[in-house]
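Dear colleague,

I am passing on the structure we spoke about, with a few notes to read beside it. Please look at the model itself before you turn to the notes.

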Amino acid sequence: MEFIGKFHPLFLHLPIGLLIAAFGIEWLNWRKPELKLNSATNFLLGAGAITAIIAALMGYFLSLNGGYEAGLINLHQWTGIGVAVLSTIFYYVRRRNLENQRLLKWGWGINMLLLLVAGHYGGSLTHGQGYLLESAPGFVQNIFGGSTNQAAAKDMPMDSAIVFENIIQPIMQQKCWSCHSSGKSKGGLNLESLKGWRRGGRNGDLVVAGKPDQSLLLTRVYLPIGEKEHMPPQGKPQLLPSEVALLEWWIGQDGDFEKQIADYKLNKKISQILNAEFGAKDVYASLDVKPLSPKKIQELQESGVKIYPLAQGSPLLEVSFSGDTLIDNDQLNLLKKARKQIVRLDLSRSGVTDDQLKVVGQLPNLIHLFLQNTNISDAGLKSIANLEILEYLNLYATEVSDEGLAAIGQLKNLKDVYLWQTKASKEEILALQKKRPGVNIDFGATLPDTTQQQVIPEETPTESGS
């Protein structure tokens with residue numbers, strides 16, 4: 001029975017094809033009765049009913065091997081049997097009621113619906129629940145709630161990603177859940193749930209912290225692909241070298257289920273893999289904002305605000321108060337009219353105050369902020385801690401101290417920060433670096449409390465907008 005049962009996936013496509021073909025011929029027969037296709041429909045429907053019975057029997061034999069979630073296998077089994085029984089009954093009903101098109105249409109509708117449902121549950125057993133949405137566009141996944149942890153991870157800073165949930169599980173979902181999930185748990189192994197990971201399978205510990213070579217998960221991966229115990233099985237999508245490297249690294253560290261990437265020390269190889277996985281996003285290109293009206297731009301310029309397009313034809317704007325020893329509050333408040341369009345703001349060598357940074361904190365799309373050579377302190381940084389897409393922050397030669405580093409740590413998308421000649425201590429800067437390893441923190445060639453001079457790149461916007 002086990003041998004016969006394994007032919008179920010091969011044979012089941014016959015009744016599906018025959019019954020759909022029979023319905024198609026029937027529909028054509030309704031449209032063009034002169035073609036006289038009743039005999040063809042009868043033949044296809046009868047053949048579909050016979051093969052559906054055989055496929056259902058093979059499926060029952062296959063289910064005896066176990067390893068399937070009871071609820072899902074029962075749904076597939078009974079809907080499959082339903083297709084076999086209903087198509088057989090309908091074959092005889094149709095032959096005696098050719099003139100009753102209402103009855104025939106209802107019969108075909110129920111048959112096709114049941115066939116669709118049985119096929120869906122079969123697909124869920126083979127490929128895992130949610131398989132239909134795995135490759136769906138993001139908006140479709142959002143509608144049906146089918147977005148994956150991996151998709152969510154790509155929308156967050158790399159350091160904030162949870163290694164198991166956002167890195168390891170998406171690999172398992174693509175390569176292993178079709179056989180080891182809540183719907184189908186071969187060897188008693190369910191990789192879909194955290195409980196299943198901790199329990200492991202029937203043949204040993206799935207993960208041995210710090211010992212990849214003793215972890216069942218990897219010993220099966222290491223086997224030659226032709227071996228019976230090799231995972232994933234031959235014919236299934238195999239793990240990529242980068243995916244194996246991530247598994248080795250995670251288990252070799254400690255195989256923890258809750259730690260973030262920021263909690264681990266990354267070697268060069270893993271850093272390259274993760275950077276490629278998360279990808280450097282062009283945050284400028286991702287912004288969808290409408291151009292500011294020429295009237296509003298003119299109003300800003302007439303008030304003395306130096307404001308320019310980021311590039312020719314771009315709706316994104318950059319503003320400079322660089323060198324202004326006294327910034328007028330009214331000028332600064334006018335920036336709210338372009339709050340969505342301003343992506344670069346240069347306040348270097350200006351008299352900007354901590355209180356005035358409250359307006360800066362209201363620019364949601366700010367990406368580059370230049371505050372070097374100002375009297376900005378920790379109090380001012382609290383006002384900009386909510387800038388979610390800020391990537392660059394220059395605090396060279398400011399009054400920022402250790403207390404201000406907490407606000408810097410809240411900037412989720414930060415990539416570069418300059419802390420040279422600030423009041424922040426080396427110990428706290430290194431602690432921030434450990435917490436946010438993906439952030440490039442420049443605090444000088446020597447300790448931050450030295451008086452040695454250093455040239456810091458300022459990337460100051462020019463008046464031409466380049």
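What follows is a description of the chain as a whole, then of its sheet, and then of some individual residues.

This is a predicted model, in which local features need pLDDT of at least 70 and side-chain atom pairs count only at pLDDT 80 or more, while totals for chains, interfaces and linings use all residues. Residues are numbered from 1 along each chain as its sequence is written, and side-chain values use heavy atoms, with hydrogens and water left out.

The secondary structure of the protein chain amounts to 20 helices and seven strands, where helices (H or I, at least four residues) and strands (E, at least two) are DSSP runs numbered from the N terminus. Of the 466 residues in the chain, 44% are buried; buried means under 20% relative accessible area, exposed over 50%, and partly exposed in between (1.4 Å probe, protein chains only). The accessible surface, calculated by the Shrake-Rupley method with a 1.4 Å probe, for residues with only the protein chains shown as cover, comes to about 24,500 Å², and 56% of that surface belongs to carbon and sulfur atoms.

The seven strands form an open sheet of mixed pairing, in the order E1-E2-E3-E4-E5-E6-E7, where two strands count as paired if DSSP finds at least two bridges between them. At the edges are strand E1 (306-309) and strand E7 (440-442), each of which pairs on one side only. Within the sheet, strand E3 (residues 342-346) and strand E4 (residues 368-370) pair in the parallel sense over three bridges, and arginine 344 has histidine 368 in E4 as its bridge partner.

Helix H19 (residues 402-409) has as its buried residues Gly404, Leu405, Ala407, Ile408 and Gly409. The cover over these residues includes helix H18 (378-383), strand E5 (392-394), strand E6 (416-418) and helix H20 (426-435).

Phenylalanine 90, in helix H5 (residues 70-96), is buried, with a relative accessible area of 6%, and, leaving aside neighbours within four places in sequence, is in contact (heavy atoms within 4.5 Å) with Leu45, Leu104, Gly107, Trp108 and Asn111.

The peptide bond from methionine 231 to proline 232 is cis, with omega near -10°, and proline 232 is found in the loop between helix H11 (216-222) and helix H12 (241-253). Lysine 36, in the loop between helix H3 (13-31) and H4, has a positive phi near 50° and is exposed, with a relative accessible area of 70%. Arginine 349 likewise has a positive phi, of about 55°; this arginine 349 lies in the loop between E3 and helix H17 (357-360) and is partly exposed, at 42%.
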